[in-house]
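Dear colleague,

Please find below the structure for your records. My notes on its helix packing follow it.

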Amino acid sequence: MKALKAMTLRGSLAIVAAALCLGTTAAVAQEIKAKFGTSLPDSHPQTLGARKFAELVDQKSKGRIKITVYSGAQLGSDQQMQAALRGGTQEFTAPSTATLANLVKEFGVFGLPFSFASEKQAYAVFDGEFGQSILAKLTEKDLIGLAYWENGFRHFTNSKRPIVKAEDLAGIKVRTMQNNLYIDLFAGLGANAIPMPVNELFTALETKAVDAQENPYTVVQAQKFYDVQKYLSTTGHAYDAQVLIASKKFWDKLSDADRALMKEASREATEFQRQASRDLNAKARAELAKAGMQINDVSDAERQRMREKLQPVIAKHQTAVGEDTAKAFFDAIAKAPK
Ligand code: EAX
């Protein structure tokens, strides 16, 4: 009898041990660490959004999934980080749509100048059927498009003169994002376009390798361009979005539950990120003036005149992104609330 009891006890202990081991193994197997690289400083909404996303994923996974944020291009430029995601050595980043256009040509449509009238209109297009259909094309390039974040309306800064009319751009050396449309846009207005990653830009401005750049107020502020740029002219020539993307190699290994958790965190982080961008943008103009920048408003009439001068560039890039895509884009804008 005693032997039978001993066997039963040993059997039960073995079952408990196995369950614990499986349970522990299962828990350990689900522990996930990920890297999120941004190209802008801690104070910029791109990095604020990244930290919020990491915090939400940590909360929703009860500490199982730890995303570490590396800001200010610590992990490389926007394009280097896109390559790292595609290779599976980095898990998240959030570049401008402009650099993604080098991987998926349809992203170029968002850079067509003077397309959006307001942030509200932009959100409707990005979050609607058209914007989501373009996001889906990233999977062909081993990337997962999760959401569109806000960079904002791009304005022109330079160290030479106020830009009051298009002709004032003649001969100015302007850094552009590494994107053919932006290169053609400024060449089309008579400037000399010099593409480079944003993390090389401050030095290029400081050494006068370039005279000018164009970015939303929040980038000018976060990158301290006011220390090396005297003039800011509100061209508002494009509304720029950044795309929260994940490595497909990483994403494909996740459980359905963890993917759902990350999508929920992405939605909540996007709301937070866009609000932070609007709040900081509303204050940045006055703060840039206080930091010594001379800010002039480019008139609507002159902006319209710039748009007309750029028609050949717009036509060329509508063809480049695909006429169907361009038409669907402008139809989505027409339907969107302003
Ligand atoms: O998304 O490279 C740029 O100018 C972009 O606006 C931004 O800094 C990165």
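Axes are lines fitted to C-alpha atoms, for helices over the stretch in contact, and angles run from 0 to 180 degrees between N-to-C directions. Helices are DSSP runs (H or I, at least four residues), numbered from the N terminus. The model is predicted, with local features needing pLDDT of at least 70 and side-chain atom pairs counting only at pLDDT 80 or more, while totals for chains, interfaces and linings use all residues. Residues are numbered from 1 along each chain as its sequence is written, and side-chain values use heavy atoms, leaving out hydrogens and water.

Helix α2 (residues 45-60) packs against helix α11 (residues 256-290) at an angle of about 150°, their axes lying 8 Å apart. The two are therefore roughly antiparallel (an angle over 145 degrees). Their crossing is right-handed, that is, the near helix is turned clockwise from the far one by less than a right angle. Contact (heavy atoms within 4.5 Å) involves, among others, L48, F53 and L56 of α2 and M262, F272 and L280 of α11. By class, this contact has 12 nonpolar, 5 polar and 4 charged residues. Ala, Val, Leu, Ile, Met, Phe, Trp, Tyr, Cys and Pro count as nonpolar, Asp, Glu, Lys and Arg as charged, and the others, Gly among them, as polar.

Helix α7 (residues 180-188) and helix α13 (residues 311-321) pack at about 165°, with axes 9 Å apart. This angle makes α7 roughly antiparallel to α13. Their crossing is right-handed. From α7, N180, L181, D184, L185 and G188 meet V313, K316 and H317 of α13. This contact has 3 nonpolar, 3 polar and 2 charged residues.

With kind regards

Conventions: Angles under 35 degrees count as roughly parallel, over 145 as roughly antiparallel, 65 to 115 as roughly perpendicular and the rest as oblique.
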